[in-house]
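Hello,

Here is the structure you asked to look through. Please open it first, then read my notes below.

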Amino acid sequence: MISDNIIRNFIIPLTQVLVILGVASGAVAYMTLVERKILAFMQLRLSPRRVGPHGLLQPIADGIKLLLKEDITPDKADRILFTLAPIVTVIPAFTALAVIPFSGGGTFQIFGYQVTPWIADVNVGLVFLLAISSLGIYGIMLGGWASNSKYPMLGALRSAAQMVSYEVPFGFSIIGVMMLSGTASMVGIVEAQREAHVWYFLPQIFGLFVFFVSGVAETNRLPFDLPEAEAELVAGFHTEYTGMKFALYMLAEYTSMIVVASIVTTLFFGGWLRPFPNVEALGFLNLGLDRIHPVLPGYFWFLLKTFLVLFVYLWLRGTFPRYRYDQLMRLGWYWMIPLSIMNVIVTGGVVLLLRR
Amino acid sequence: MKIQAFLQKVLLLELWQGMWVTLKNQFRPHITVEYPKETVEFPPRFRGVPRLRKDPQTGEELCVSCLLCEAICPTECISIVSEKRPDGKGKQLISFTINYERCCFCGLCVDPCPTKPITAIYMSHDYEFAGFDRDSYVTAREELVDGKPVKIYTS
């Protein structure tokens, strides 16, 4: 009844999108719990552990709480923009997940159909990611402006300046990876790392550093969370937001954290590849000791690496105090941009020499 | 020396030092407790709300109604009513009330208490005395001796 064509071109991509959205939302929910736990352990506190065993149901309780909260729109706010802003923030954050390859090794066979473990392998994947991640700032600007209130406005202005400044090193730092791999497709970059016999974090150590620091600044996380600096700006751009709209902002923030961590994994830590992917003797890391059945498949390694990168995120949050605004700008313009440009020049020179 | 300072700046040594501290501390045991379920142990001189006590051996009333604690109390939160003992000398209590609303936990009432070696009024280790109305803070003698009923928290 349903033709083969419809299944292949509509139902399978839809299922992929839904599965990845579901997994990402679940990951976001539990990311909040993991964050609170790790921060608590770093500060020698107990973590949330009342709801469920060891607090494992805490994210669900939080979600229910946010759903049931009163949804307030301030009197003087611009109603349409105020409602639109969180949606505008969330959509790019989730869209970025489209080009991230979660696993490799070709395709899965499900009911006789070929299913790829990524939604789309665009040949300009990295450029797409840069474009999408720059869109997130519009939601924050709109939210700050539409609230018609002082502190959200200040937070949004800071956010705009910060995200625009760090957009530059963010873009420059991945050029090195593009030059080394010769492609902008995310799958192609991982395959290039397999062929290069080394993950790119070694030749691109400065690129990794600049990319990660700018990534933290792009997602407005500590120590660069100037847009929502509690001590100065109440809560920054989402001061006036309550209930589900606030939850959407949080969802966007944590999703972009996960996206940046996945990009770091893909570009610099070999994506779904196991450690030393070309050493046959270590094959049991993928296939188990009998070398036939996959025990630790690609997505396991991808998730492990992504989690480790996310842990570094939280680790930074637990360690460093918030930067002052001028220090943040100085770090961006005086250190990150020159460093990333130097990285591009040196990598380009080395690639040119090796190609000869 | 200059090279050392330069390297320290370039390799972000201070940042790594800070990261190492937080990484190490993760594996230390926590120093907070899950409060209503478990409570911390207090040092013996901790000053909770003042309470009355009876002689632990004989079970007799220790307070001799000398009014010294009422006199010294800076917030005047203690009020004592007593009468002459019908049998023999001394006085006996009719009522002994402490208004916890006003009590400032200074512990001055314990110092002049003449009953030796155990003072009749003492600073207990009770501190959970939240209430819903102001009347519940005016504490009568029976509750001063026995303490508030303790609520056991579960789960």
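How much area is buried between chain A and chain B, and what percentage of that area do carbon and sulfur atoms give? About 1,600 Å² is buried, and carbon and sulfur atoms give 69% of it. Keep in mind that this is a predicted model.

**The interface**

The size of an interface is often given as the accessible area lost when the parts come together. In chain A, three residues lose the most area to chain B: Leu44(A), Leu46(A) and Trp315(A). Together they account for 41% of what that side buries. Chain A brings 15 residues to the contact, and chain B brings 17 residues.

Between chain A and chain B the count is 2 salt bridges. One of them joins Arg50(A) to Glu34(B). Their closest N and O atoms are 3.5 Å apart.

Which elements of chain A give two or more residues to the side that touches chain B? They are helix H1 (4–42) and helix H12 (298–319). The largest share, 5 residues, comes from H12(A). Sorted by class, this side of chain A has 10 nonpolar, 2 polar and 3 charged residues.

**Lys305(A)**

Now look at one residue of helix H12 in chain A, Lys305(A). What is the nearest side chain of opposite charge to Lys305(A), and how far away is it? It is Glu191(A), 12 Å away. Lys305(A) is buried, yet it has no salt bridge. A polar atom of its side chain does lie 2.8 Å from the backbone oxygen of Phe269(A). Beyond four places in sequence, Lys305(A) touches Trp199(A), Thr265(A), Phe269(A), Gly270(A), Gly271(A), Trp272(A) and Leu273(A).

**Ile189(A)**

The next residue is Ile189(A), in helix H7 (residues 186–195) of chain A. Is Ile189(A) buried or exposed? Its relative accessibility is 0%, so Ile189(A) counts as buried. Setting aside neighbours within four places in sequence, Ile189(A) is in contact with several residues, including Leu126(A), Val177(A), Tyr200(A) and Leu267(A). Ser181(A), Thr183(A), Ala184(A) and Thr266(A) are also among its contacts.

How far apart are Ile189(A) and Trp335(A) in sequence and in space? They are 146 residues apart in sequence. In space they are 27 Å apart, C-alpha to C-alpha.

Best wishes

Terms used
Residues are numbered from 1 along each chain as its sequence is written. Chains are lettered from A and ligands numbered from 1 in the order in which they are written. This is a predicted model: local features need pLDDT of at least 70, side-chain atom pairs count only at pLDDT 80 or more; totals for chains, interfaces and linings use all residues. Side-chain values use heavy atoms; hydrogens and water are left out. Contact means heavy atoms within 4.5 Å. Buried area is the accessible area (1.4 Å probe) that two parts lose on being put together, summed over both. A salt bridge is a side-chain nitrogen of Lys or Arg within 4 Å of a carboxyl oxygen of Asp or Glu. Helices (H or I, at least four residues) and strands (E, at least two) are DSSP runs, numbered from the N terminus. Ala, Val, Leu, Ile, Met, Phe, Trp, Tyr, Cys and Pro count as nonpolar, Asp, Glu, Lys and Arg as charged, and the others, Gly among them, as polar. Buried means under 20% relative accessible area, exposed over 50%, partly exposed in between (1.4 Å probe, protein chains only). Lys and Arg count as positive and Asp and Glu as negative; His and the chain ends are not counted. A polar contact is a pair of N or O atoms within 3.5 Å; within protein, one must be able to donate a hydrogen and the other to accept it, and residues adjacent in sequence count only if both atoms are side-chain atoms.
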